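Me: I have a structure open here and would like to talk through its fold with you. Can we go from the overall picture down to single residues?

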Amino acid sequence: PRLANQIAAGEVVERPASVVKELVENSIDAGANKIVIDIEQGGHKRIRIIDNGKGIYQDQLSLALSRHATSKIKDLDDLESISSLGFRGEALASISSVSRLTLTSKPADQETAWRAMATGREMEVDIQPAAHPDGTTIDVEDLFFNTPARRKFLRTHKTEFSHIDEVIRRIALSKLDIIFTLNHNGKTVRQYRGATTDKQVEKRLASICSQAFVDNAIAIDFEHQGLHLFGWVANPNFSRNQNDLCYSYVNGRMMRDKLINHAIRQAYGERLTHDSYPAFVLFLNLDFDQVDVNVHPAKHEVRFHHARFVHDFIVSAISQSLQQDIL
Ligand code: ADP
Ligand code: MG
């Protein structure tokens, strides 16, 4: 099983930042509202995620570490309407096959915490009692220690950490009510406070995207035939020379989606010069059965069932907002 999991890991676990993404998404799926991310040496040495979510019962720990074990979908019908961030049941098994992973967890109604670790070629799970508050800690040490070919592809601590920072930025934008703390080598590098009021949201947006973005942002909020687009786009003046503020989400999941990027460019139209880029933070929500997220193991691509319709909706929502801003 270790070897099979290592092969699967090739698709999900590219680098420390992809480990962080999978683990933080698990914490979000578990309903955590406080997530601490401890990184050592850019994630080469350690990636530790501590959450206050619902936890994993003792008798489910070894299942959580085994491949294709997910508690999030029960049958094939659920695959058509995925609302959780995870669903493939691959991440923990894959990560644990290429690192030293320990999982410690305590559901609120279980008396003590338990710690699990998969070892050896067969990945037998060893389970011990432990001390831990309600919630879960996943500790990933020595990523790729047993797959030297992949370890060789890790970049410097600084570069890997900057990828992790970006992953947390993206997630923190989409889950404004969750408190995130990102530590590197024992120092707190980011602290995103929970934001619910407009003022708090603005503050959090500024701390993630810059005050300049907030000052130039046009709020978007459009609904049409089951599609809901909301968030912010910067006015095209600000956008000049900004190429790194492109954040889009489909049903809460961060995406690198060509259709969305294309629609946004089209809406900006001639307001953009040939070397300028739009800047935006946009959330598109639609019925879960209108979109297929099971396209790629890393889940950052989607397929819309009515792609043209979605595209044109985004173009018209943003064009209207830009126009209103100019009036
Ligand atoms: P998936 O997220 O696709 O279900 P994973 O391999 O990421 O698969 O996780 C396996 C299972 O372990 C999840 O379905 C969930 O039941 C459990 N799990 C993982 N992380 C956590 C967490 N932080 N809190 C509670 N349960 C978790
Ligand atoms: Mg998962």
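This is a predicted model: local features need pLDDT of at least 70, side-chain atom pairs count only at pLDDT 80 or more; totals for chains, interfaces and linings use all residues.

**Strands, loops and a helix**

Me: Which residue in β4 is the bridge partner of Thr-102?
Reply: The partner of Thr-102 is Met-117.

Me: And what does β4 do with β5, how many bridges join them?
Reply: There are 7 bridges between β4 and β5 (residues 124–130), again in an antiparallel arrangement, and Ala-116 stands opposite Ile-127 in β5. These two strands also form a hairpin, with 4 residues between them, and Gly-120 in that turn has a positive phi of about 75°.

Me: OK, zooming out: how many helices and strands does the protein have?
Reply: The protein has 12 helices and 15 strands. Of its 327 residues, 38% count as buried, and among the contacts with a separation of 6 or more, 67% are between residues 24 or more positions apart.

Me: Back to phi. Where is Asn-185 found?
Reply: Asn-185 lies in the loop between β7 (179–184) and β8 (187–192), and its phi is near 50°, a positive value in a residue other than glycine.

Me: Why does Asn-185 count as partly exposed?
Reply: Asn-185 has 14 C-beta neighbours inside 10 Å, and because a residue is buried at 20 or more and exposed at 12 or fewer, that count falls in between.

Me: What about Gln-225, buried or exposed?
Reply: Gln-225 counts as exposed, because it has 8 C-beta neighbours inside 10 Å. Gln-225 sits in the loop between β9 (217–224) and β10 (227–234), and its phi, near 45°, is likewise positive in a residue other than glycine.

Me: Switching to helices, which residues of α1 are buried?
Reply: In α1, which spans residues 2–12, the buried residues are Asn-5, Ala-8, Ala-9 and Val-12. They are on the same side of α1, because they cover an arc of only 115° around the axis.

Me: Why would residues a few places apart point the same way?
Reply: An α-helix has 3.6 residues a turn, so residues three or four places apart point the same way.

Me: Which residues are exposed on the other side of α1, and what covers the buried ones?
Reply: Leu-3 and Ile-7 are exposed on the other side of α1, while the cover over its buried residues includes α2 (16–29) and α5 (91–97).

Definitions and conventions: Residues are numbered from 1 along each chain as its sequence is written. Chains are lettered from A and ligands numbered from 1 in the order in which they are written. Two residues are in contact if their C-beta atoms, placed from the backbone, lie within 7 Å. Two strands pair if DSSP finds at least two bridges between them. The arc is that of the directions from the helix axis to the C-beta atoms.
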